[in-house]
Amino acid sequence: MQVVVIILCLLFCAFFSGMEIAFVSSNKIFLEIEKKQDNFISRILTKLTEKPSKFIATMLVGNNVSMVVYGFFMGDLLMSWIKSFSFHLTDFVSLLTQTIISTLIVLITSEFLPKVFFQVYANNLMKFFAVPSYVFFVCFSYISTFVIWISDFILKKFFKTEGDFVPAFFSKGELGNYINEQMSSVQDHEEIDSEIQIFQNALEFSGVKARDIMTPRTELVALDIYDSIAALRELFVTTGYSKILIYQNSLDDIIGYVHSFELFKKPRSIKSILIPVEFVPETIFIKDGLSLLTKKRKSVAVVLDEYGGTAGIITVEDIIEELFGEIEDEHDNDQELTEKQLNENTFLFSARLDVEYLNQEYKLNIPEDDSYGTLGGFIVNTSGEFPQKGDQIVVDNFHFVIEEATNKKIEVVKMTISEW
C-alpha cells in the first residue's frame, strides 16, 4: 500500500510540476487560437488562463501537497528497509540517508524529467491535460486564492508594488515562434500560405539592413551628367528601367537620377531634369530607410560603404518586396539565379544567392555573419581573395569549385558537402 501511495504521489508531483512549466513555456498565441475554437477544451483553457497567477498557485499547492504525502510515506518505507537489513545507523545518518534517497527519486522522476518533457511539448500537453488541470484548479481554488491574497498583501505593503497583474498581450518572440512552427509544419511539396509568409517577413523586417537588399555596385546602370539626352533615351530603351542613375566623373559620385517621364518635357540637358538622390549607410535598417525616403518623397537611395564610396542602391520597391515578395512588371528581367541540386550532397548555386535563404531552403547550415550576405561573399570572406574559374576552396565540410567567375566577382559555384 505504501508503494502504491508513493508512486501516485510521484505521478501527481510530475503532473503538477510539468503543467506549471508547460503553462509558462506554451505559446500564448497558440493558446489564444485554441480558446477561440468554441468547444469544450477551449472553454476549459479559457477558465485556466483567465488568471495565470492562480493557475500557477494551484499547481504549486498540488505539488506541495503531493510532496508532503510522498515524504511521509517514503520516510516510513525507507526506515523499514533500513531496519530489515539490520543496518546499525545513528539517527542522524539514518535521516540523511532517507533524505538523499527520497530527494534523488523525486528530483529525477517528478521534477527534472517531467519538466523537460512538458517544456518540449508544452502546447499539446496544455490541451491534453486541460480537463484534469481544471479539476485540481477547482479543488484547490480557495487555497490558491488565499495564497495569492497573502502574496499580494506582502508585495503591496512591504515592497510597494502593484501586486499580481495579468499581461494583456503576447510578445513578438511568441508570434515569431508560432509562425516558425507553422512554417516548419508545411511539407516540402506544399506551398506556404501568403499570409504566413507575410507575417514572417514582417517579423524579420526590423532586423534587415540596407546592405542585405541593395542592388550591388557591379550591377548599377548609370550615365555621366555630361552625356547627351540621346544617350539617356537609348539607355532607357535598352534597359527598360524607369529610372537611370546619374553620376559625375565616377560611380562614387552619384548626384541623382532621371525618371523616364522627364523625357516627355523634351529637355536640353540631363542636368535640367536631374532629381537629387538620398544617401544612406550600409548599416541602416530598411525600416529607417523607408521612413527617410517617404519623408523626402524619393524612391531611390544610394548606399555608401564605410569609406564613402558607392556600395549599391536601394529603392522603395526593394523595401516593399521584403514584406510582400517579388514585385515584377513587364520590364523586369526574367533571368533567374542558378539553383540546382545535382545529387544528395552536391549543388550548383549562383554566388548571389543569400546564405540565409540557402540555409532555410536546403538546410545547409552555412555560417551566417554580418560581414557578408551572399554565398559569394561567404567564399570571399573565408578565402581572403577573389577566386578564379576552376579554383577549389574548402571551408569546414563545404567544398567549393568555382564554375564561372570574372576578375571582380564569382558567378556560379558547385558546392559539395562532405558530411551530410
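The following questions and answers concern a predicted model.

Me: In which sense do β6 and β7 pair, and what is the handedness of the crossover between them?
Reply: Strand β6 (residues 278-281) and strand β7 (residues 300-304) are joined over 4 bridges in the parallel sense. Between them the chain passes through helix α13 (residues 286-296). This β-α-β crossover is right-handed.

Me: What is the order of the strands in the open sheet, and which are its edge strands?
Reply: The open sheet has 4 strands with mixed pairing, in the order β2-β3-β4-β5. An edge strand pairs on one side only, and this holds for β2 (222-224) and β5 (275-276). The edge strands are β2 and β5.

Me: How do β3 and β4 run, and what angle does the direction of helix α12 make with that of β3?
Reply: Strand β3 (residues 243-248) and strand β4 (residues 250-259) are joined by 6 bridges and run antiparallel. One of the bridge partners is Ile-254 in β4, facing Tyr-247. Helix α12 (residues 229-239) packs on the sheet and touches β2, β3 and β4. Its direction makes an angle with that of β3 of about 135°.

Me: Are the rings of Phe-16 and Phe-140 stacked or tilted?
Reply: The whole structure holds 23 aromatic pairs. For Phe-16 and Phe-140 the ring centres are 6.5 Å apart and the planes lie at 55°, so the pair is tilted.

Me: How many residues apart in the chain are Phe-16 and Phe-140?
Reply: Both residues are buried. Phe-16 belongs to helix α1 (residues 2-25), and Phe-140 to the loop between α7 (130-139) and α8 (141-158). The pair links distant parts of the chain, 124 residues apart.

Me: Is the pair of Phe-136 and Phe-140 stacked or tilted?
Reply: Phe-136 and Phe-140 are buried, and ring pairs link them into a cluster that includes Phe-12, Phe-117 and Tyr-121. Their ring centres are 6.1 Å apart and their planes are at 20°, so this pair is stacked.

Me: What is the distance between the end C-alpha atoms of helix α10?
Reply: Among the buried residues of α10 are Ile-196 and Leu-203. The 12 residues of α10 (residues 194-205), at 1.5 Å a residue, should span 16 Å. The distance between the end C-alpha atoms agrees, at 16 Å.

Technical notes
Residues numbered from 1 in each chain as written. Predicted model: local features only at pLDDT ≥ 70, side-chain atom pairs only at ≥ 80, totals over all residues. Heavy atoms only, no water. Pairing = 2+ DSSP bridges. Helix = DSSP H or I, 4+ residues; strand = E, 2+ residues; numbered from the N terminus. Right-handed = clockwise from strand over helix to strand, strands pointing away. Expected span 1.5 Å × (residues − 1). Buried < 20%, exposed > 50% of the residue type's maximum accessible area, 1.4 Å probe, protein only. Phe/Tyr/Trp six-rings, centres within 6.5 Å; stacked < 30°, edge-to-face > 60°. Contact = heavy atoms within 4.5 Å. Axes fitted to C-alpha atoms, helices over the stretch in contact; angles between N-to-C directions.
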